[in-house]
Amino acid sequence: MTNSVSIRAAKNEDLERMVDLVSRLKRLNGEFDPLLTPVDDLENEVTKYLQGMMKDSNSVVLVLEDGGKVQGVLTAKLVDRCFYKPRLVGQIADVYLMPEYRRRSMGYKLIAEAEKLLKSRGAEMIFAEFPAKNVIAEGFYRKMGFREITEIFAKETQ
Amino acid sequence: MSERTEKYYDMAISLSKFYGGKIQVIPKVPVRSLDDFSIWYTPGVAGVSNTIAKDPDKSFELTSRWNTIAIITNGTRVLGLGNIGPEAALPVMEGKAMIFKYLGGVDAFPLVVRAKTKEEVADVAERVSPAFGGINLEDIAQPDCFYLLDRLRETLDIPVWHDDQLGTAAATLAGLVNALKVVGKKLSDVKIVMFGAGAANIAGARLIMAAGGDPKKIILIDSKGALYSEREDMDKLQLVHPWKYELALKTNGEKVAGGLDEAIVGADVLIAASTPGPGVVKKEQVKKMAKDAIVFAEANPVPEIWPWEAKEAGARIVATGRSDFPNQINNSLVFPAVFRGTLDVRAKKILDEMVITAALELAKFAEERGLSEEYIIPTMEEWEVYPRVATAVGLKAIEMGLARIKLSKDEIYDRAYKMIRLSRDTLATLVKNNLISPVPAE
């Protein structure tokens, strides 16, 4: 299975499978915090979101394919931070690999490919956002040299 | 509840009151006069303490540690009763201790602990371990029980066992190995459906794979259906139940989705360790199995499917957890012997390889007596099986470099045989001399 794995830009025909994968990711996030509970029509929202990403010239949407089947997805976009240097940075929004493709360095390859593309479009830094309690994601990004720069705190309105 | 069960409930309550529990501590040394206290206690005992202080392993020679284990529970999953708390778990642990002594000659001490988290249970086990030659975890809910077995196997240098995982899994493997011999199939070829993904079947799947079963041909089914690598809740499992997650990745090569109806098609073996039946597994489902099907319905008190129903549906061999049907998959065949063997060589661990050795020896014992569709596993009455299994496990511990002392096969067997014999004879003598009262007439 390893030999046939490739990473490429997403195509329209990948959409259905990508919706499944990104929806799984959002549901996983819901396991970490009730304030990350997915909406009821999640698939519908994810479909619209991914369609928008794929049309947006400032976005990067990659898939990991094995034997003709999409087994991983990554989305990212260029962001202008306006107040800070470097201004132009790449935000990794979603990374999801099907369980059988984990712990085989494929996540690193996906990030590396996204980093290359974002850099070629002017990004001087990349960052990622994930649930505070997701220690698996934290370990994954730390291993690749990421570190924390901001924190997002939340509370429900009273 | 059946009338018979109710009768046993009543008897157990009144006799527990009559005897004041089921176990006691009796000195193992003579006391000729009170002067002997100077030997068994101060000042003499200080010499023993000094010796052990210089070499803690001497505690296995100079104290009862070599033959004493702790039965530890937090009472979170007691029998089929659920989370009833440590006090209510005590009568069960006392019963277990009694069986340990009677069948294995092992002094077992019931240690019910008030502990909320798995870390607290592990902490207790680690802190009391200097007093014991082994630890038997009992009736602890999953997935905490997997965490505890993994952690304590790592941190302790005495054998650690969780009977709901390893005892049942070993008895199941023993029965399976022999059932396959009877029907003339090979473990590596057969499709095995494991219905229920609790402690027994999760450990069972691990042992079956380690013994030569093909992971791709094993399908585990939990309350949400067949486990496979793409199931919707895989991410959640990775977080809360990594043991199940790993099995989902390894097993079910065809990625069969759905429930038992889908998974059982063409299966050679069904191992149900789920919820009490009857009717949990249906005749129509057994009918979909391959020729010469093997059905283990292990739920107690009522198997998932009655043995005659499974046979009517085409099963050639049926095993249950009950002693009133043929082929009882009984963990009491395993744990006394495994501890007897590991204690006699002062083993530092009980690893899966040793559990498989126990299962294969159990199977071999039955094979030597002549296998049939009605006899794939020994019964508790054949008590010579205990020293046999103890010997196999002890030798395996020595071979794996996990034993503190090295004994020959005959030495382990003789020791195990004598210890079990002595335990039975002692109890019989106490009863005969009226030091233990006879059971009062109703």
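I started with residues 20–153 of chain B: the chain there is 44% helix and 12% strand, and the end C-alpha atoms are 35 Å apart. Helices (H or I, at least four residues) and strands (E, at least two) are DSSP runs, numbered from the N terminus. UniProt, in an unreviewed entry, places "domain: Malic enzyme N-terminal" on these residues; its positions are in the numbering used here, feature names are shortened, and annotations may be inferred rather than shown by experiment.

I noted the ground rules. This is a predicted model, where local features need pLDDT of at least 70, side-chain atom pairs count only at pLDDT 80 or more, and totals for chains, interfaces and linings use all residues. Residues are numbered from 1 along each chain as written, chains are lettered from A and ligands numbered from 1 in written order, and side-chain values use heavy atoms, without hydrogens or water.

Next I looked up the contact between the chains. I found 13 residues of chain B in contact (heavy atoms within 4.5 Å) with 16 residues of chain A.

I then checked charges. Six salt bridges link chain B and chain A; each is a side-chain nitrogen of Lys or Arg within 4 Å of a carboxyl oxygen of Asp or Glu. One joins the side chains of Lys236(B) and Glu31(A), at 3.8 Å, N to O.

Which helices of chain B supply at least two residues each to the side that touches chain A? I found α10 (234–240) and α11 (242–250). The largest share, five residues, comes from α10(B).
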